[in-house]
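The following note sets out numbered remarks on the model shown below. Each point takes up one feature or one group of related features.

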Amino acid sequence: MRSLFAKTLLWFLATTAVAIAGIIITTAATFSSTEGRGPLGLLLSVQTEQAKRAYETGGKDALAAALAKFQQITQFQVVFTDAKGTDLLTGKAHPELMSLPKRRSRWRLPYPFAGRQPIIGRQDSTHQYRLFLIDQRRNYWTFFFLQPQHLWIIGLVVLLCYAFAYHLTSPVRRLRAVVDCFGRGDFSARAPANRKDELGELARSFNQMASRIQTLLAAERRLLLDISHELRSPLARLGVAVELARSGEDREHMLDRIQKEADRLNELVAELLQVTRVESDPSMQKTDTVHLDELLADLVYDSLLEAKAKDCTLLLKAPASAIVSGDEELIRRALENVIRNAIRYAPRGTSVDIEMAKLHDATIISVRDYGPGVPEEALSRIFDPFYRVDSDRNRASGGLGLGLAIARRSVQLHKGKLTAQNARPGLLVTIELPISPTEGSAPPSKPAPAATPVSAA
């Protein structure tokens, strides 16, 4: 049997059948017990004493009336005998009844179980008389405990088991259909997740997994397209430069051009490796104690050469120390990419403002340049890999379009936020990182001055 629905339904029905059978058997055994404890045993004791009293006080006529009344109630044949087994009404001897065990209570199983008709016997308190109940027509247990109305109850139980099995297995069938569609390449397929139980949680987990896979595959396709676009231009220029160098015309200039294009390809490969690293398993990240004020000061110092080329001033404001937990290299790369991006687009003679402040349980780092800014419709895309606001991707000030993408992913891996907005003039990029819970117990670092202008001239 391969159907989960059929297995579930049969298990429910079997469990219900066993439960019903157990209830019927235990109820029948309790009700029909001829011992003094059971209801039938008490009834037989009372009826035996009444029959004895009727016979001794009123003779056969009174005994006949009492037995007829009892027979009408129980629908059994009633025989009242003396100690030798002689019927006190008809005078007929019943040696077969005397062959029952010599006990005050006698019970013979119904014929479907023992192959005989049921016979119940009871002695009076003086052991002079005996009362026998004989069912000559039907199964005793069936007569008393399996009435037609019980069939309605059993049918209702079967219907409820069917409904419950369908309710339990229908989402599994729907999820299987969605998985089949997803496996055939329909990555937009999603499972219904409106249930609040474990099956609903399973559907939501599948939807999250499907969304993640769809995003990764789309990013992979986009990355391949972008890489092919980025590699095409430098490779074409390399080919032209090599041909010109072979022809001997302006060989030194062509060799410099080859070197420049080779450096650009090397930079592209390094950036792609960095993207691969930040997209790796977050559980493989290192956890370091990072002093952001010291890290920012180091990055500002390292960026002086670039700022000097643009005749810019770097202004660092870090009035207090801040500590975060995470991969120091990833955080350094994120901050460095944002700072270098601001320097790249800063006009000559302007400054790049770098400020760090604490807000509740987070550290806010803002980097602002005074350049042309970014069109409002492009603000949400500047963090996408290979995205460039400029239509000319080969202009001197432009990069590969991977720096801010690496910065965003690095910040997200540390449960932070990276946003951008136009400052008019310029672009303001804000990095929010959660403060380390151990900051209060960590040794204080040497804070940077409240406002540190660093001239690159």
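Helices (H or I, at least four residues) and strands (E, at least two) are DSSP runs, numbered from the N terminus. This is a predicted model, in which local features need pLDDT of at least 70, side-chain atom pairs count only at pLDDT 80 or more, and totals for chains, interfaces and linings use all residues. Residues are numbered from 1 along each chain as its sequence is written, and side-chain values use heavy atoms, with hydrogens and water left out.

1. Helix H12 and the residue that follows. Burial is stated here by relative accessible area: buried means under 20%, exposed over 50%, and partly exposed in between (1.4 Å probe, protein chains only). The buried residues of H12 are Leu404, Ala405, Ile406, Ala407, Arg409, Ser410, Val411 and Leu413. Just after H12, lysine 415 takes a positive phi of about 60 degrees, although lysine 415 is not a glycine. Lysine 415 belongs to the loop between H12 and E10 and is exposed, with a relative accessible area of 74%.

2. With a relative accessible area of 48%, histidine 127 is partly exposed.

3. A salt bridge is taken as a side-chain nitrogen of Lys or Arg within 4 Å of a carboxyl oxygen of Asp or Glu. By this rule the count comes to 4 salt bridges. In one of them lysine 52 pairs with aspartate 124, the closest N and O atoms being 3.5 Å apart. Lysine 52 lies in helix H2 (residues 39-74) and aspartate 124 in the loop between E3 and E4, so the pair ties together parts that are 72 residues apart in sequence. Both lysine 52 and aspartate 124 are buried.

4. Arginine 340 and glutamate 306 meet through their side chains in a salt bridge, at 1.5 Å from N to O. The pair links distant parts of the chain, with arginine 340 in helix H11 and glutamate 306 in helix H10 (residues 304-309), 34 residues apart. Glutamate 306 is partly exposed, its relative accessible area being 30%. A network of salt bridges links Glu306, Glu336 and Arg340.

5. Glutamate 376 forms a salt bridge with arginine 424, and the closest N and O atoms are 3.0 Å apart. This pair too links distant parts of the chain: glutamate 376 is in the loop between strand E9 (362-368) and H12, and arginine 424 is in the loop between E10 and E11, 48 residues apart. Glutamate 376 is partly exposed at 44% relative accessible area, while arginine 424 counts as exposed at 63%. A cis peptide bond joins arginine 424 and proline 425, with omega at about 5 degrees. Proline 425 is placed in the loop between strand E10 (417-422) and strand E11 (427-434).

6. Aromatic pairs. Rings of Phe, Tyr and Trp (its six-membered ring) pair if their centres lie within 6.5 Å; planes under 30 degrees apart count as stacked, over 60 as edge-to-face and the rest as tilted. The structure holds 4 aromatic pairs. In one of these, phenylalanine 182 and phenylalanine 187 have ring centres 5.2 Å apart and planes at 80 degrees, so the pair is edge-to-face. Phenylalanine 182 counts as buried at 12% relative accessibility, and phenylalanine 187 is partly exposed at 24%. Between phenylalanine 182 and phenylalanine 206 the ring centres are 5.9 Å apart and the planes at 75 degrees, so this pair is edge-to-face. Phenylalanine 182 lies in helix H6 (residues 148-183) and phenylalanine 206 in helix H7 (residues 198-247), so the pair ties together parts that are 24 residues apart in sequence. Phenylalanine 206 is buried, at 9% relative accessible area. Elsewhere, ring pairs link Tyr55, Phe80 and Tyr129 into a cluster.
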